[in-house]
Amino acid sequence: MTKRGYAVRPLDEFGLIRSWTEGRQPREFLAQAGVTLGIGDDAAIVAGGSAAQEWLLAMDTMVEKVHFLNETMGESDVGYKALSANVSDIAAMGGIPKFALVSVSVPPSWDADRMKRLYDGLYECAERYGVAIIGGDTTSAPNQLVVAVTVIGTVEAGQAIRRSGAKPGQFVFLTGPTGLSAGGLHGLMNKAESLSLRLTQAHQRPSPSVRAGRILLEHGWGASLNDVSDGVASEAWEIAEASGVKLLLKETLLPLSGELASYAHDNGIQPLDFMLYGGEDYVLLGTADKRSEQEMRVRFRAEGIPLFVIGEVEAGEPEVVMETASGAYKPVLKQGYNHFPKG
Ligand SMILES: Nc1ncnc2c1ncn2[C@@H]1O[C@H](COP(=O)(O)OP(=O)(O)O)[C@@H](O)[C@H]1O
Ligand SMILES: Cc1ncc(C[n+]2csc(CCOP(=O)(O)OP(=O)(O)O)c2C)c(N)n1
Ligand SMILES: [Mg+2]
Ligand SMILES: [Mg+2]
Ligand SMILES: [Mg+2]
């Protein structure tokens, strides 16, 4: 049996979701209900508030033994990361996170003190991103802790940045280096001695790129955007498929952090695997017009936010290809974290 995790057929997860939902509700019903964009992007877009604003809604869940173990995350880290993964999906639309609802299913092993620490982390993240915790739900659970968060954000009407806007001639960018979280996870699982704080922090306390998303939206620079939860390869494939384009990534342009490089070197690991297929980075991957590139670079630098140009968009069948350091081309596998590798 294929193990749950880094499978070569990640779209099985999306195939499943599609098989549960596709064709159930007519387009007209959704339009009538005020749904601008339903299932398929980082967040849904629905009418509301005022004519000038739309709501963004998304939810992400963390499950003990799937998303964390006692060895990889403290209780407060679990709370912090559960909310930040959600905030990241609002960032990936160019929106502003506002409210969250939090559901916890608590097994006997999570006593009152542990749960209190989980909420310490949750509220720490809420404060950092200005999110109001407005409700939720609580149940018991037989074995593993489950935290499910619904996040609600706002965005200027008609302006949300979707996965489907990539066009030939644009460049591909990342708002931070990737692979650090996977490096942190690897080090924590293997009780590595040389594990840097930057790698553990990247895994336990990711920093979603809300500011970067806002800059991209406010200047009209972001043509397509995704947050990196399942890995750069998987997210790039999602943009390629949603936009009907080919993404050409350049190996020499992929940002490799010094900490990941030295950890990988010391432990005989290929950093590129972590950078492309690791996931849980919560940086943004997107595309933008070449004529904006200089202005974007200047603005991001002024804000102290990294911006890495890593490739370009070409016309063609949806696919992701990498130009290696030697000038050869190799396919970037549609591979990443998949919860249901066997469907
Ligand atoms: N059980 C479900 N029922 C309906 N829609 C779902 C379900 N699970 C996920 N989705 C939707 O499918 C899309 C992809 O989900 P996901 O891969 O979790 O996105 P992300 O990686 O951005 O968090 C999203 O639009 C999400 O809202
Ligand atoms: C113990 C452990 N094993 C493996 C992982 C790696 N991992 C678990 S879920 C995941 C992908 C992101 O989670 P998902 O629920 O798919 O979030 P979404 O894509 O919906 O944002 C990764 C890389 C981990 N964090 N902890
Ligand atoms: Mg996402
Ligand atoms: Mg999700
Ligand atoms: Mg996922």
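User: Leaving aside its neighbours within four places in sequence, which residues is Asp-89 in contact with?
Analyst: Asp-89 is in contact with Asp-42, Ala-43, Ala-58, Asp-60, Val-151 and Asp-227. Two residues are in contact if their C-beta atoms, placed from the backbone, lie within 7 Å. This is a predicted model, in which local features need pLDDT of at least 70 and side-chain atom pairs count only at pLDDT 80 or more, while totals for chains, interfaces and linings use all residues. Residues are numbered from 1 along each chain as its sequence is written, and chains are lettered from A and ligands numbered from 1 in the order in which they are written.

User: Where is Asp-89 placed?
Analyst: Asp-89 is in helix H3. Helices (H or I, at least four residues) and strands (E, at least two) are DSSP runs, numbered from the N terminus.

User: Is Asp-42 buried or exposed?
Analyst: Asp-42 counts as buried, because it has 26 C-beta neighbours inside 10 Å. A residue is buried if 20 or more other C-beta atoms lie within 10 Å of its own, exposed if 12 or fewer, and partly exposed in between, with C-beta atoms placed from the backbone. Asp-42 lies in the loop between strand E2 (35-37) and strand E3 (44-47).

User: What feature does UniProt place at Asp-42 and Asp-89?
Analyst: The unreviewed UniProt entry places the feature "binding site" at both Asp-42 and Asp-89. They span 48 residues in sequence, yet no two of their C-alpha atoms are more than 5.1 Å apart, so they gather at one spot. UniProt positions follow the numbering used here, feature names are shortened, and annotations may be inferred rather than shown by experiment.

User: New topic: which residues are buried in H4?
Analyst: The buried residues of H4 are Leu-118, Gly-121, Leu-122, Cys-125, Ala-126 and Tyr-129. Seen down the axis of H4, they fall within an arc of 140 degrees, so they line one face of the helix. The arc is that of the directions from the helix axis to the C-beta atoms.

User: And which residues are exposed on the other side of H4?
Analyst: Ala-112, Asp-113, Lys-116 and Glu-127 are exposed there.

User: What do the buried residues of H4 pack against?
Analyst: They pack against helix H3 (75-91), strand E5 (96-106), strand E6 (132-140) and helix H7 (210-218).

User: Finally, what is the order of the strands in the open sheet?
Analyst: The six strands run in the order E2-E3-E4-E7-E5-E6, with mixed pairing. Its edge strands are E2 and E6, each of which pairs on one side only. Two strands pair if DSSP finds at least two bridges between them.
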